[in-house]
Amino acid sequence: MKDERSIQQAAEIIRRGGLVAFPTETVYGLGADAFNPLPDARIFEVKRRPYFDPLIVHIANLADLERLVKEIPASAERLIERFWPGPLTLVLLKKEEIPDIVSAGLPTVAIRMPSHPMALSLIEESSCPIAAPSANPFGYLSPTTAQHVREQLGDQVDLILDGGPCPVGVESTILSFVEEPPRLLRPGGVSLEEIESILGKIAINSRGEEKPLAPGMLSKHYAPRTPILLDWERKEVERYRRNKRIGLLAFREPNDRPQFDSVEVLSSKGDLREAATNLFAAIRRLDARNLDLILAEPIPEIGLGRAIMDRLRRASGTTDR
Ligand code: TXA
Ligand code: MG
């Protein structure tokens with residue numbers, strides 16, 4: 001009941017041109033009416049996001065999709081059937097009605113149907129698609145709780161809907177359908193293996209040759225204040241520790257805990273889904289502990305591990321560009 005009232009209130013704010021932070025299954029989004037360029041522009045101001053970085057448009061039903069895009073390739077339709085609602089974003093040729101500010105002047109638009117019940121109700125009650133990036137200042141870690149949003153954007157958002165911690169924990173997978181075969185622009189909540197089991201081999205932006213199309217791809221993105229190191233060896237920890245406070249971002253429970261000033265474990269049983277859910281909150285906690293350096297353990301690059309390693313590389317600034 002309480003949720004229903006807050007959703008009504010949030011929808012009213014969206015309809016009147018305000019900004020609402022809301023939970024999705026991946027991360028919290030900062031939303032506005034996708035068809036209203038003024039609040040859409042405010043999203044960029046609040047996030048301090050460059051205007052060349054387009055927003056994702058969130059929808060609650062397939063009729064909305066047809067209002068937004070020129071055509072839906074058969075391959076995209078197969079993914080929609082399998083993964084929507086869910087953590088998959090499709091880049092398609094946009095219709096004119098979508099304000100240029102949303103698509104950053106590109107001929108395409110990124111669209112997804114989230115599966116979080118609060119996100120779906122909010123979109124339905126607002127009676128418009130909702131343009132929303134992750135609800136964090138540009139370049140910082142995405143929020144996976146309402147508290148993360150409050151801490152960083154609290155006073156600049158008209159309302160924050162609290163739906164608890166996000167169950168997936170990493171952002172949606174982004175696939176572009178403006179080329180054939182489709183291209184993976186950002187690994188995320190739906191794994192490459194799952195996508196290729198339906199489409200066969202797709203194109204992948206390998207590190208170093210990424211086009212700056214999706215600035216979520218900028219090398220220094222998702223970055224906390226404390227430096228993160230991904231490329232390190234256990235036998236060197238003693239050397240790192242000289243006069244320094246060192247944190248460990250561990251995949252499983254480590255057997256050398258006392259070596260570190262602070263430890264966060266992503267999944268004691270080594271489960272990649274659980275690790276993804278905990279990723280951003282664990283980095284935030286380490287970042288708040290005045291450490292000089294965070295050593296991050298590499299994660300197996302299968303399934304969700306690919307999205308986790310992508311975020312860790314960006315947080316550590318070790319992508320090639
Ligand atoms: O899980 C998610 O996708 C979350 C939740 C809130 O839905 N949203 C999210 O949005 O991560 P954001 O803005 O932080 O990241 C969206 C990425 C950006 O890197 C942007 O460049 C890319 O999507 N993007 C948006 N429109 C695009 C387009 N037309 N072509 C290529 N990339 C696009
Ligand atoms: Mg983001």
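A: A place to begin is P181, which is found in the loop between β8 (173-176) and β9 (183-186). The peptide bond that joins E180 to this P181 is cis, with omega at about -5 degrees. What follows concerns a predicted model.

Q: Which other residue pair is joined by a cis peptide bond, with omega of about -10 degrees?

A: The pair is W84 and P85, where omega is about -10 degrees. P85 has its place in the loop between α4 and β4 (88-93).

Q: What makes the phi of R48 worth a remark?

A: The phi of R48 is near 55 degrees, a positive value in a residue that is not glycine. R48 sits in the loop between α2 (37-47) and β3 (56-58).

Q: Why are α4 and α8 called oblique to each other?

A: The axes of α4 (residues 74-83) and α8 (residues 192-199) come within 10 Å and cross at roughly 125 degrees. Roughly perpendicular covers 65 to 115 degrees and roughly antiparallel needs an angle over 145, so α4 and α8 are oblique to each other. In handedness, the crossing in which α4 passes α8 is right-handed.

Q: How do you know which orientation α10 and α11 have to each other?

A: The axes of α10 (residues 272-287) and α11 (residues 305-316) cross at roughly 20 degrees and come within 9 Å. Angles under 35 degrees count as roughly parallel, and α10 and α11 are therefore roughly parallel to each other. The crossing of α10 and α11 is left-handed.

Q: Which residues make the contact between α10 and α11, and how do they divide by class?

A: On the α10 side, L272, A275, A276, L279, F280 and I283 meet G305, I308, R311 and L312 of α11. The residues of this contact of α10 with α11 divide into eight nonpolar, one polar and one charged.

Q: Why is α1 called oblique to α6?

A: Helix α1 (residues 2-15) and helix α6 (residues 117-126) pack at an angle of about 50 degrees, with axes 8 Å apart. Roughly parallel requires an angle under 35 degrees and roughly perpendicular begins at 65, which makes α1 oblique to α6. The contact is formed by D3, I7, Q8, A10, A11, I14 and R15 of α1 together with M118, S121, L122, E125 and S126 of α6. By class, the contact of α1 with α6 has six nonpolar, three polar and three charged residues. The crossing of α1 past α6 is right-handed.

Q: How many cavities of 30 Å³ or more does the structure hold, and what lines the largest cavity?

A: The structure holds one cavity of 30 Å³ or more, and the largest cavity has a volume of about 40 Å³. Its lining consists of T173, L184, P187, G188, V190, S191, L192, G303 and R306. The residues of the lining of the largest cavity divide into four nonpolar, four polar and one charged. Because Arg counts as charged, R306 is the charged residue of the lining.

Technical notes. Residues are numbered from 1 along each chain as its sequence is written. Chains are lettered from A and ligands numbered from 1 in the order in which they are written. This is a predicted model: local features need pLDDT of at least 70, side-chain atom pairs count only at pLDDT 80 or more; totals for chains, interfaces and linings use all residues. Side-chain values use heavy atoms; hydrogens and water are left out. Axes are lines fitted to C-alpha atoms, for helices over the stretch in contact, and angles run from 0 to 180 degrees between N-to-C directions. Helices (H or I, at least four residues) and strands (E, at least two) are DSSP runs, numbered from the N terminus. A crossing is left-handed if the near helix is turned anticlockwise from the far one by less than a right angle, and right-handed if clockwise. On a 1 Å grid over the protein atoms alone, a cavity is a set of points where a 1.4 Å probe fits but cannot get out, and a pocket is an open set with protein on both sides within 12 Å along at least five of seven lines; lining residues have an atom within 4 Å of a point. Grid points are joined across faces, edges and corners, and a volume is the space filled by probe spheres set on the points. Contact means heavy atoms within 4.5 Å.
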